[in-house]
2 protein chains.
Amino acid sequence: MNAKVRLYVDHPLGEGQTVPLSREQAHYLFGVMRLGMGDGVALFNGRDGEWQAEVAEAGKRGGTLACTVQSAPLRLPPDLWLLFAPIKKTRTDFIVEKAAEMGAARILPVQTDHTNSERIRQDRLQAHAVEAAEQCGGTWVPEVADLTRLDRLLSDWPEDRQLMFCDEALAGGSSALPDAFAKTDPRPWAILIGPEGGFSEAERTRLAAMEQAHAVALGPRILRADTAAVAALTLWQRQLGDWG
Amino acid sequence: MNAKVRLYVDHPLGEGQTVPLSREQAHYLFGVMRLGMGDGVALFNGRDGEWQAEVAEAGKRGGTLACTVQSAPLRLPPDLWLLFAPIKKTRTDFIVEKAAEMGAARILPVQTDHTNSERIRQDRLQAHAVEAAEQCGGTWVPEVADLTRLDRLLSDWPEDRQLMFCDEALAGGSSALPDAFAKTDPRPWAILIGPEGGFSEAERTRLAAMEQAHAVALGPRILRADTAAVAALTLWQRQLGDWG
């Protein structure tokens, strides 16, 4: 039976490999989860898949785990970015958590013309992505980028990366991506969720002029940004991604 | 231009109709939102569509709004129920909010074999549904039912109501509903989100034996219940509901 505790570690995993624990990890495993010598932990590092490991040393300030057997291969998410404008703290945390669960490869908080947020705590958001990956059984952790201005990102947008752009002004319109993009032809994509205050006219004009951009409606009601993120990721994963 | 403040009221709306305000509503409009005489408010009651109204009397403990013109017709959601097992407070609140935004007609918290929750605050959850409807521009508020045992609901399940049943044990399987259910043939449906601890074997057996039940996978990762609710509602609305 596989271990119930899953832990992300930044350390190579493999047969016979031992993994040293940080003070926080030791506190979590031995203090919070009450694991002891020989107990099992599932480990992943974003590169080597999932490995079963056993507690080989347990201390208050550290410890060691010993890998035994690989329990899942590395499974990379599709090459999908999620761009969103940070909102209130709890909802921003939720968006990052949900993007990791839903299988985004990279999470980019963006500053739009109508975004109030001047800065984010990138380290805190990255920790949320790690926790979500631990929880959802993923073998990969999406990278959370630093806050970037949307206009800067768009002016340097990769030519081959398509952009699904969710505009609440389209409420009630089509929620399908063009048929031309089939699952059999995977290419880089990004999803852009509009800010709570909507896009500015300048941003809308710019997006409309981009060949890679595809506007999509998320139903007839106006969704909050965190709801919109999950809904958009669902549509994309279902039509183009790794959902069966 | 339409009013920016939207308010649900339990009162008839129509041309020339006046609407008395409760103490809480007066506090919100005049204390929090700082509205004054003649300012506009958008009203809906779940029956008469959306109406523009003006402040006709403003007091500390009450006031009156006068309807002027209908700004949107009543738009009923599809006949879709969302069944879910209550979890931690914040996430339960989120599920109710998201179900309202995503256009569920009725929200039913259910007690499963692996649910820890013995009771819910139905009134608080209903208030969340109202707030979400105010926010998302809906003209309808889903009813939040009292906590019911899942086995009791299933043993008395309506013959003509289909059930989309999201089982994390299926992770990686198909996320499509049978083609037989087309948008052109709308019928009553329900979505059932599994509890965090998963369904029991007894529940799984019972669901498998129901002709109306259709198991659906929500991608290859394990989603938290609130993420799963939005993802399932998206799949359903896109394939069978009111999304374009």
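## Report on a predicted two-chain model

At 37% relative accessibility, B:Asp79 counts as partly exposed, a class lying between buried (under 20% relative accessible area) and exposed (over 50%), computed with a 1.4 Å probe on protein chains only. The model is predicted, so local features need pLDDT of at least 70 and side-chain atom pairs count only at pLDDT 80 or more, whereas totals for chains, interfaces and linings use all residues. Residues are numbered from 1 along each chain as its sequence is written, chains are lettered from A and ligands numbered from 1 in the order in which they are written, and side-chain values use heavy atoms, with hydrogens and water left out.

### Salt bridges within a chain

B:Asp79 forms a salt bridge with B:Arg161, with 3.1 Å between the closest N and O atoms; the term denotes a side-chain nitrogen of Lys or Arg within 4 Å of a carboxyl oxygen of Asp or Glu. This pair links distant parts of the chain, 82 residues apart: B:Asp79 stands in the loop between strand 5 (63-72) and strand 6 (80-84) of chain B, and B:Arg161 in the loop between helix 4 (150-155) and strand 10 (162-166) of chain B. Helices (H or I, at least four residues) and strands (E, at least two) are DSSP runs, numbered from the N terminus. In contrast to the partly exposed B:Asp79, B:Arg161 is buried, at 7%.

In chain A, the side chains of A:Arg149 and A:Asp113 meet in a salt bridge at 3.3 Å, N to O. Here too distant parts of the chain are linked: A:Arg149 belongs to strand 9 (residues 148-149) of chain A, and A:Asp113 to the loop between strand 7 (106-111) and helix 3 (122-136) of chain A, 36 residues away.

### Relation and contact of the two chains

The same surface serves both copies, since 100% of the contact residues of chain B recur in chain A; contact means heavy atoms within 4.5 Å.

There are 35 residues of chain B in contact with 35 residues of chain A. Between them the chains bury about 3,200 Å², of which 54% is on carbon and sulfur atoms; buried area is the accessible area (1.4 Å probe) that two parts lose on being put together, summed over both. B:Arg221, B:Arg224 and B:Trp243 supply 22% of the area that chain B buries against chain A, more than any other three residues.

Across the structure there are 38 salt bridges over all chains, and the count between chain B and chain A is ten. On the side of chain B that touches chain A, helix 2 (89-101), helix 3 (122-136) and helix 6 (225-239) of chain B each supply at least two residues. Helix 6 of chain B gives the largest share of that side, eight residues.

B:Asp226 and A:Lys98 meet through their side chains in a salt bridge (3.4 Å, N to O). The pair joins two chains, because B:Asp226 lies in helix 6 of chain B and A:Lys98 in helix 2 (residues 89-102) of chain A. Another salt bridge between the chains pairs A:Arg224 with B:Glu97, the closest N and O atoms being 3.4 Å apart.

### Accessibility of selected residues

| Residue | Relative accessible area | Class |
|---|---|---|
| B:Asp226 | 2% | buried |
| A:Lys98 | 5% | buried |
| B:Gln162 | 8% | buried |
| A:Arg149 | 27% | partly exposed |
| A:Asp113 | 39% | partly exposed |

### Fold and core

Chain A comes to six helices and twelve strands. Its C-alpha atoms fill a box of roughly 60 × 40 × 30 Å along the principal axes. Of the 244 residues of chain A, 55% count as buried. Among contacts in chain A between residues at least 6 apart in sequence, 74% join residues at least 24 apart.

The largest nonpolar core has 77 residues, and those with the most contacts inside it are A:Met164, A:Ile191, A:Ile193, B:Met164, B:Ile191 and B:Ile193. Such a core is a set of buried Ala, Val, Leu, Ile, Met, Phe, Trp, Tyr and Cys residues joined through side-chain atoms within 4.5 Å. Leaving aside neighbours within four places in sequence, A:Met164 is in contact with residues including A:Leu177, A:Trp189, A:Ile191, A:Val216 and A:Trp236.

In chain B, B:Gln162 is placed in strand 10. Beyond four places in sequence, the contacts of B:Gln162 include B:Trp157, B:Phe181, B:Arg187, B:Trp189 and B:His214.
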